[in-house]
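These are my notebook entries on a single chain, kept in the order in which I looked things up. I begin with the strands and go on to charges and backbone geometry.

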Amino acid sequence: MRSQPSSFVHKPTVLSAVQWTGLNELVIQAWLAPILFHELDPEDDTDLGNPLATAELFVNANNLWVPVVTGEWILVDKLGAYPCKDDIFRLNYTRAKAKR
């Protein structure tokens, strides 16, 4: 275990992702099954602490529901699914080349 701060390089990771448009709930649900994802009812004030949230995703790694804002990406890797802000996604990811 390290007791002092150190620099690290993120390992290259290939993952699957889809952007939440606010209109593709069924696509995301089918893609993530059995992971839980659903659009929030605009009349319900359960926004998980984010008034801009339009959906929520159950993150198994943290065992909790997290808010998702329209335009965010849902990422899936070997650890599970989690949301990512659009600007962070565009900064850190590029489309993988198709496997032959």
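Through how many residues does a hairpin join E5 to E6? I looked this up first, keeping in mind that the model is predicted, and found that the hairpin joins E5 to E6 through two residues.

**Entry 1, overall layout.** I listed the elements and found two helices and six strands in the chain, which follow one another from the N terminus as β-α-β-β-β-β-β-α. Along its principal axes, the C-alpha trace spans about 45 × 45 × 25 Å. I also checked burial over the whole chain, and of its 100 residues 26% are buried.

**Entry 2, the strands around E5.** I then went through the pairing of E5, which covers residues 73-77, and found that E5 is joined to two strands that I took in turn. Strand E1, residues 16-19, runs antiparallel to E5 and is joined to E5 by four bridges; in this pairing Gln 19 stands opposite Trp 73. Strand E6, residues 80-84, is also antiparallel to E5, with five bridges between them, and here I noted Ile 74 opposite Pro 83.

Strand E3 (residues 53-59) and strand E4 (residues 64-69) run antiparallel and are joined by six bridges. Within this pairing I found Leu 57 opposite Val 66 of E4. The hairpin has four residues between the strands, and I looked at two residues of this loop, Ala 61 and Asn 63.

Which residues does a cis peptide bond join? I found the bond between Ala 33 and Pro 34, where omega is about 10°. Pro 34 has its place in the loop between helix H1, residues 25-32, and E2. I marked this bond for the entry because most peptide bonds are trans.

I searched for salt bridges and the structure holds two. In one of them the side chains of Glu 72 and Lys 85 meet, at 2.5 Å from N to O. This pair links distant parts of the chain, 13 residues apart, with Glu 72 in the loop between E4 and E5 and Lys 85 in the loop between E6 and helix H2. Is Glu 72 buried or exposed? I read a relative accessible area of 7% for Glu 72, so this residue counts as buried, while Lys 85, at 42%, counts as partly exposed.

The other salt bridge is formed by Arg 90 and Asp 86, whose closest N and O atoms are 2.9 Å apart. Both residues lie in helix H2, four residues apart, or about one turn of the helix. For accessibility I noted that Arg 90 is exposed at 54%, and that Asp 86 is partly exposed at 24%. As background to both entries on pairs, I wrote down that side chains of opposite charge can pair when their charged atoms come close.

Which residues form a negative surface patch? I found four members, Glu 39, Asp 41, Glu 43 and Asp 44. Of these I followed up Glu 39, which is found in strand E2, residues 37-39. Its relative accessible area is 36%, so Glu 39 counts as partly exposed, and it can belong to the patch because patch residues need over 30% relative accessible area and no salt bridge.

Technical notes
Residues are numbered from 1 along each chain as its sequence is written. This is a predicted model: local features need pLDDT of at least 70, side-chain atom pairs count only at pLDDT 80 or more; totals for chains, interfaces and linings use all residues. Side-chain values use heavy atoms; hydrogens and water are left out. Two strands pair if DSSP finds at least two bridges between them. Patches are made of residues with over 30% relative accessible area and no salt bridge: like charges are joined within 9 Å, nonpolar side chains (Val, Leu, Ile, Met, Phe, Trp, Tyr) within 5 Å. Accessible areas come from the Shrake-Rupley method with a 1.4 Å probe; for residues, only the protein chains shown count as cover. Lys and Arg count as positive and Asp and Glu as negative; His and the chain ends are not counted. The place of a charge is taken as NZ of Lys, CZ of Arg, CG of Asp or CD of Glu. Buried means under 20% relative accessible area, exposed over 50%, partly exposed in between (1.4 Å probe, protein chains only).
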